[in-house]
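The entries below follow the order in which I looked them up.

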Amino acid sequence: MPQKPSIPKGTRDFGQQETAERNYIFDTIRSVFRTFGYAQIETPAMENLSTLLGKYGDEGDKLLYRILNSGDAFANIDESRPLASQVCEKGLRYDLTVPFARYVVQHQNELSFPFKRFQIQPVWRADRPQKGRYREFYQCDVDAIGSRSQLCELELIQIIDKVFEKLGVNVLIKINNRKVLTGLAEICGFPDKVVDITVAIDKLDKIGLDAVKEEMREKGLSDEAIAVLEPVLTLKGSNEVKLSVMRSIMGGSATGLKGLEELEELFGYISAAGIGTATEIDLSLARGLNYYTGAIFEVKALDWQIGSICGGGRYDNLTGIFGLPDMSGVGVSFGADRIYDVLKGLDKFPGDLRSSTRILFANMGPKELGYILPLASALRAEGISVEIYPDAAKLKKQFDFADRKTIPFLSITGENEMEQGSVNIKDLRSGEQKSFAKDDIKGMADWIR
């Protein structure tokens with residue numbers, strides 16, 4: 001019995017309609033990136049494990065997909081050496097930021113700094129599949145590296161604002177600063193637990209405050225330390241109120257106060273720039289990745305229940321692990337798959353995405369084909385997407401084909417049109433029909449566009 005075809009859990013097929021909708025997202029994001037002067041690059045799907053391991057924390061390392069060196073990777077094993085290092089030296093990329101850092105170091109002599117780039121490529125994580133979480137998904141990353149100015153952060157917030165305005169999605173931009181989190185670890189008496197605290201805090205939205213507190217206890221934090229952190233995580237009020245309260249709490253940490261100064265500066269830029277999207281300081285925002293050192297961002301859809309659809313932050317020395325120290329950068333990643341789910345759920349995709357074809361020429365037979373083939377070529381030269389039905393089938397079947405593909409225009413050319421040197425084109429949406437001279441290609445193209 002033939003095996004039933006299937007795909008791995010956490011992955012998805014995308015048909016022609018879904019692909020058109022995804023390209024709408026990619027094209028929208030790409031167009032905004034370019035208006036801010038960012039150039040596109042691409043990196044390989046796989047990286048050396050030495051590039052990936054240790055960059056995402058222990059939990060991130062567990063989610064890396066490792067690739068066997070070959071189909072015969074277990075041949076000629078040296079039992080005196082660790083097995084993993086012999087059979088598996090590469091892994092699928094977990095995100096686009098670490099490969100970007102590797103790229104910057106490897107190509108530093110070819111780049112002009114600050115270097116502004118974007119990437120739109122798939123990434124892979126061995127995560128537990130669930131709603132809005134996939135094992136294979138696309139990221140749309142935009143980064144500026146080589147400057148410590150928070151004008152770079154502002155520019156990313158402007159990009160977020162413009163992208164979701166174009167997509168028609170109401171969002172909230174949450175902002176924190178990793179230095180504030182480091183300060184919290186210091187004032188609660190556990191400066192060596194900043195990573196554990198950050199990882200736990202990052203789960204607040206997913207598992208709730210009580211579970212976060214329990215995870216902190218399991219990591220060795222005392223109840224007294226957790227009592228110091230709890231009011232900060234539940235702090236409400238305006239951005240100004242939050243900054244004021246935090247200054248009074250953070251007096252014993254120079255790092256924490258520096259983070260608050262950076263937040264105040266950034267929100268001053270946001271106000272001056274007239275950002276239309278709602279922005280707020282969220283002191284529970286942590287972003288679990290270890291390489292963030294300054295501002296951190298997360299974007300939530302307001303009208304659709306799903307996890308963050310965009311996030312990122314400042315990293316001061318990510319390239320240092322590859323031999324290029326003190327190269328500060330900042331970036332955000334748009335989660336294309338989650339954005340897709342939001343647009344689908346809110347019915348925000350334009351209605352004309354289902355088909356790229358603008359006109360279908362009906363196939364009436366060999367003579368008529370000889371007449372319409374040059375017309376189809378001429379219209380394509382004008383930038384019009386044209387299909388010719390491949391078989392001389394019944395007209396109803398050809399009409400149904402156009403309807404299923406939502407092709408807006410149909411041309412039926414028979415003996416009368418050939419004798420008159422004309423072309424009839426019908427708008428299937430309105431029912432309007434027009435006749436054009438055979439050589440009036442521009443007139444046809446203008447009407448079909």
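Which side chain makes a polar contact with the side chain of threonine 43? I note first that the model is predicted. I found that the partner is the side chain of glutamine 119, at 3.1 Å.

Entry on threonine 43. I placed this residue in the loop that runs between strand 1 (39-40) and strand 2 (46-48). I recorded threonine 43 as buried, because its relative accessibility is 8% and the cut-off for buried is under 20%. Setting aside neighbours within four places in sequence, I listed its contacts as Arg93, Pro99, Arg102, Tyr103, Gln119 and Gln121.

Entry on helix 8 and helix 10. I read an angle of about 160° between helix 8 (residues 194-201) and helix 10 (residues 209-218), with the axes 9 Å apart. The two helices are therefore roughly antiparallel to each other, as angles over 145 degrees count as such. I noted the crossing as right-handed. From helix 8, Ile197, Val199, Ala200 and Ile201 meet Val212, Glu215 and Met216 of helix 10. I sorted this contact by class into 6 nonpolar, no polar and 1 charged residues.

Entry on helix 1 and helix 6. I found helix 1 (residues 16-35) packing with helix 6 (residues 151-167) at about 140°, their axes 10 Å apart. Helix 1 passes helix 6 in a right-handed crossing. On the helix 1 side I listed Tyr24, Thr28, Ile29, Ser31, Val32 and Phe33; on the helix 6 side, Ile159, Lys162, Val163, Lys166 and Leu167.

Key:
Residues are numbered from 1 along each chain as its sequence is written. This is a predicted model: local features need pLDDT of at least 70, side-chain atom pairs count only at pLDDT 80 or more; totals for chains, interfaces and linings use all residues. Side-chain values use heavy atoms; hydrogens and water are left out. Helices (H or I, at least four residues) and strands (E, at least two) are DSSP runs, numbered from the N terminus. Buried means under 20% relative accessible area, exposed over 50%, partly exposed in between (1.4 Å probe, protein chains only). A polar contact is a pair of N or O atoms within 3.5 Å; within protein, one must be able to donate a hydrogen and the other to accept it, and residues adjacent in sequence count only if both atoms are side-chain atoms. Contact means heavy atoms within 4.5 Å. Axes are lines fitted to C-alpha atoms, for helices over the stretch in contact, and angles run from 0 to 180 degrees between N-to-C directions. Angles under 35 degrees count as roughly parallel, over 145 as roughly antiparallel, 65 to 115 as roughly perpendicular and the rest as oblique. A crossing is left-handed if the near helix is turned anticlockwise from the far one by less than a right angle, and right-handed if clockwise. Ala, Val, Leu, Ile, Met, Phe, Trp, Tyr, Cys and Pro count as nonpolar, Asp, Glu, Lys and Arg as charged, and the others, Gly among them, as polar.
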